[in-house]
Amino acid sequence: MKAVMEFRAVLTCVVLSFYLQAGGSQDVDAVPVLNCCEGDVLFLLDSSGSVSSFDFSHMLSFLSDLVLPFSLGPDQVRIGLLQVGTDPHLEFGFGAYSTQQGLQSALQRTKQLGGDTNTEEALVIAKERVLRSGMPEGARPGLPRVLVWLTDGVEPGDVQGPMADLREDGVAVLVVSTGRGNYQILRDVVSPPSEEHLYFVDIEDMSIITEDLRNAIIEIIRAERLQVRGISSTGAELYWRPVLAGTGHYDIRFGPVRSGNVEVVGGSPGTNPSTEFGHYQRIVRPGDSSSAKLSNLRPDTKYLVTLHPVSNPEVFNKLNTTFTTQPVPPVKPEVQSPAQVSVSESTMNSVRVSWGPLQPDLVQSYHVEYSVLPAGKLHVVKVSNRQNSTLLTNLQPGTQYLVTVSARYFSGRERAMSVKVCTEEVLPALADLQLTTVGSDSVKVQWKGSADGLRGYWVTWEGEPTHSSIQRSTLYLPPHFLSTTLTQVPPNARVCVSPVYKTARGDGLCCTAHFSSAALTWSHRL
């Protein structure tokens, strides 16, 4: 048994050595530098005993590949590593390494802590010492801060509260889990959107998320070193953060982005755009400049602009960005009045008609014509060219009209627009209501009503409210009914009758039914 354990230990060391040597064998200088970002990224690495040595070596190799393309330094990206164990340990803070060579060596030297998964204590260290500005190994003020938690998902602990505090303090939280448990907890702790900041992956397949996770980090810490503002259809203004101390110059080149052999117009998607310029313009600005105007551009075209700070003997990375010029605004056709007609303030015998826009320089006058549909008498109202509404009066109640607004132009042209309007219906109220009790729980209801346009009656009764409910009943009757008998009516029930017309109910009348041994009659008249 002892021999087997020693063999496994030796095998683990060999595997660990293999992965670390593979990471160390990468040619750091040959990797393209991402001179894109400025921010502080802290990796919270699960280094507890729940993570096997094999898995831990995979996590370190994954970290090495993940951070390799970034430019490091005081005005670039800074990386920190905090290990989680029984006693969490800050492996190195943000100010420790400003070169990839130093950072990669530090990752290779990192040893697993083992012990318990004390993530809560690690988050206290992260908040109080590392992600707080002003501390010796702390974050820089005013720059993005990112916490990337690499865990096996086993017993994450009470992390939701501390993670929420970090997010409220402006820290972006991302999580990579090599286990499938505790999804709810991990989803709760990441910064939204969770589908872009939470990753579940098998330990041996971590490489498949490297690019996605790196891009998610870049989106958070992307430095706006090169900005394009004031974009029009033929020009734009380029701004940058000065990196030359008044010496040297800036070499600026810009031209349409080329996708294959085709220039991209309107920023259309396609294959990866080429960074090689075909037809390009060049501007040279002195070392104390921080802006330049880009002119003679094509409308609705995607451009690539590259800024190269040049100063011997120092070497600076090129900066580039893309932007799309505005399309040429279409020539708007002349808006002719009336372009719109609306109706408001409708009553039984009047309605207000409005129109627009007013064009007193073009329109001589407005004529408003209206008639009862389908073939009523035509009426005409003439309105001043500086007036955009008029009130039509002496109309018939409950009637549909066709209203036409015509603009008479000085040029002799005429433009018209029509709309249908309806006046409100006359709604006579109920004139008389009588209740006569019949027996101990029935009541005869009688009323008077014979108005034109009557569609029927609503008869309702409602008992006195109790602790549990209110007894209520509703009955609809045709217009020729002028009475009905209600049965099983509770004592002191309130009975109401309302006339129903085409568009609405008229005012009704109500009486309360009181039952006794003798038949009694109650009435309500207007």
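**Cysteines and cores in a predicted model**

A disulfide joins C496 to C510, with S to S at 2.0 Å. The model is predicted.

Colleague: Which strands does the disulfide pair tie together?
Modeller: The sulfurs of C496 and C510 are 2.0 Å apart. A disulfide needs them within 2.5 Å, so the pair qualifies. The two cysteines are 14 residues apart in sequence. C496 lies in residues 494-500 and C510 in residues 509-512, so the pair ties together strands β28 and β29.

Colleague: Is C496 buried or partly exposed?
Modeller: Buried means under 20% relative accessible area. C510, at 22%, is partly exposed. C496 has 17%, so C496 is buried.

Colleague: Which cysteine sulfur is nearest to that of C511, and how far away?
Modeller: C511 is buried, at 7% relative accessible area. C511 is in no disulfide. The nearest cysteine sulfur belongs to C510, at 7.7 Å.

Colleague: Which element gives the most to the largest nonpolar core?
Modeller: This core has 38 residues. Elements giving two or more residues include β1 (39-46), α2 (53-67) and β2 (77-84). With seven residues, the top contributor is α2.

Colleague: Which residues touch the most other members of that core?
Modeller: Take F43. Leaving aside neighbours within four places in sequence, its contacts include L63, L66, I79, V148 and L150. Of the 38 core residues, those touching the most other members are F43 and L150.

Methods: Residues numbered from 1 in each chain as written. Predicted model: local features only at pLDDT ≥ 70, side-chain atom pairs only at ≥ 80, totals over all residues. Heavy atoms only, no water. Helix = DSSP H or I, 4+ residues; strand = E, 2+ residues; numbered from the N terminus. Buried < 20%, exposed > 50% of the residue type's maximum accessible area, 1.4 Å probe, protein only. Core = buried A, V, L, I, M, F, W, Y, C linked by side-chain atoms within 4.5 Å. Contact = heavy atoms within 4.5 Å.
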